[in-house]
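Subject: The structure for you to look at

Hi there,

Here is the structure I promised to pass on. Have a look at it first, and then read my notes below.

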Amino acid sequence: MTSLQQIYEVGQLIDTNALGYSARVARATHWVSGQDVALKVLRLEHLQDAKVWKQFAIESYLLDMLRDTSAIVKMVDYGYISDLDHEIPSDGEIISCNGQLKQFGQEMPSRMSGGWRPYIALELLPAENNLLNLARGADGDGRRPLRLPTEEGLSLAMQFCEFLLTAHAREVVYWDHKPEHVYWDGSRLRLIDLNVSRFLTPDLGERVKVAEKAKDLRYMLMGALYTGFTGHDFRFQNQPPQPTPSSPHTVEHRFNGLSHLDFSTEEAMLPGLGELINETLKQNSKITVEKFLDRLRQLAATMGWDAGYPVSEEARAARREIQQGLSALRQAQENLSKARQHFLSARALNPADPESERLYREASEFYQRRVLP
């Protein structure tokens with residue numbers, strides 16, 4: 001048998017902003033590949049829960065099925081760990097099934113009865129790129145929500161729709177839409193956590209499949225795009241987010257009964273965007289992912305996007321100026337953040353000098369008024 005330490009060095013938990021119903025997630029180093037990973041391990045309280053074990057099988061299957069899409073986090077390894085004494089495994093044996101997905105599924109019943117628990121190792125994404133952290137202000141005080149600039153929000157929305165089109169074509173619905181699961185680096189969308197995602201089996205029938213895909217679009221608008229375009233989380237109104245575990249039973253409850261989002265505070269929002277989202281959220285809406293993406297591209301054309309619709313030269317030129325301005329503004333914010341750290345270091349080195357404290361305080365106030373997450 002192989003010891004856990006031969007394959008992984010396991011660190012601290014990293015799931016405090018996205019608590020999972022079925023698993024805990026820790027940072028780890030995967031010695032085989034030499035990369036840091038997010039190690040997702042079955043919660044100890046679910047050791048004998050066959051439904052939760054099945055979620056691991058489904059998630060690994062869906063991650064493998066969608067591995068060629070750019071949005072989904074990459075699966076590095078999967079298998080079983082024998083350590084049942086620690087929430088974060090630290091010793092014992094490990095069985096790595098990497099590359100043998102069929103073996104991973106076939107061995108589940110015997111591993112469940114034999115004193116093991118399943119794990120999935122995933123590509124580790126930067127915490128500062130998490131949409132919840134971006135909206136809070138990753139290294140700010142979180143008092144004023146920060147929205148993505150429209151240029152980036154449109155890109156995020158289009159990439160999300162394109163991912164849903166690919167997933168739906170393979171009869172997969174993502175479902176668990178919330179900012180904790182969305183990562184954005186300014187140009188590329190990444191998604192984590194498919195443990196409550198579903199594969200739409202043929203026996204469901206076409207009407208049910210269409211309805212499930214429509215829900216997936218609605219959930220994406222409420223759970224991800226609303227935060228991207230406003231900085232707010234629809235679940236918490238004016239209260240700070242309190243992460244709660246997700247389960248297949250809580251996902252639908254999160255979105256039920258909501259058919260309208262409030263965009264009244266967003267004075268500079270792209271005209272027509274809020275109306276499009278709320279039209280799509282209506283219970284009897286006929287807007288599919290394809291239609292939503294098409295209308296999104298029409299709106300983007302007014303912002304200078306070459307997205308298949310006529311674009312004026314003035315709008316195209318204005319977009320170039322916005323892109324250059326965003327680049328310069330982001331650089332300025334990064335420099336301001338660095339300045340704060342220098343003043344903070346100076347204060348620690350020489351507490352008797354009040355100037356470093358004044359500069360740090362005023363730079364921090366300036367930083368809190370920034371416009372980009």
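This is a predicted model: local features need pLDDT of at least 70, side-chain atom pairs count only at pLDDT 80 or more; totals for chains, interfaces and linings use all residues.

Residues are numbered from 1 along each chain as its sequence is written, and side-chain values use heavy atoms, with hydrogens and water left out.

E279 forms a salt bridge with R295, and their closest N and O atoms are 3.0 Å apart. A salt bridge is a side-chain nitrogen of Lys or Arg within 4 Å of a carboxyl oxygen of Asp or Glu. R295 lies in helix α10 and E279 in helix α9, so this pair ties together parts that are 16 residues apart in sequence. R295 is partly exposed, at 32% relative accessibility. Helices (H or I, at least four residues) and strands (E, at least two) are DSSP runs, numbered from the N terminus.

How do α9 and α10 pack? Helix α9 (residues 273–281) and helix α10 (residues 289–301) have their axes 11 Å apart, at an angle of about 170 degrees. That makes α9 roughly antiparallel to α10. Axes are lines fitted to C-alpha atoms, for helices over the stretch in contact, and angles run from 0 to 180 degrees between N-to-C directions; angles over 145 count as roughly antiparallel. From α9, L273, L276, I277, E279 and T280 meet F292, R295, L296 and L299 of α10, where contact means heavy atoms within 4.5 Å.

In one of them, the side chains of R147 and E266 meet at 3.6 Å, N to O. R147 lies in the loop between α5 (131–136) and α6 (150–169), and E266 in the loop between α8 (248–255) and α9, so the pair ties together parts that are 119 residues apart in sequence. R147 is buried, with a relative accessible area of 18%, and E266 is buried too, with 14%.

E313 and R316 also meet in a salt bridge, at 2.5 Å, N to O. They are three residues apart in helix α11 (residues 313–349), so about one helical turn separates them. D15, R24 and E87 are linked in a network of salt bridges.

**The sheet**

Seven strands form an open sheet with antiparallel pairing, in the order β1-β6-β5-β7-β4-β3-β2. Two strands pair if DSSP finds at least two bridges between them. At the edges stand β1 (2–3) and β2 (8–13), each with a single partner strand, so one side of each has no neighbour in the sheet.

Is strand β4 (residues 35–42) largely enclosed or open? Six of its eight residues are buried, so β4 is largely enclosed by the rest of the structure. Strand β3 (residues 23–30) pairs with β4 in the antiparallel sense over eight bridges, and A28 stands opposite V37 in β4. Five bridges join β4 to strand β7 (residues 117–123), again running antiparallel, and V37 stands opposite E123 in β7.

Happy exploring!

Methods
Angles under 35 degrees count as roughly parallel, over 145 as roughly antiparallel, 65 to 115 as roughly perpendicular and the rest as oblique. Buried means under 20% relative accessible area, exposed over 50%, partly exposed in between (1.4 Å probe, protein chains only).
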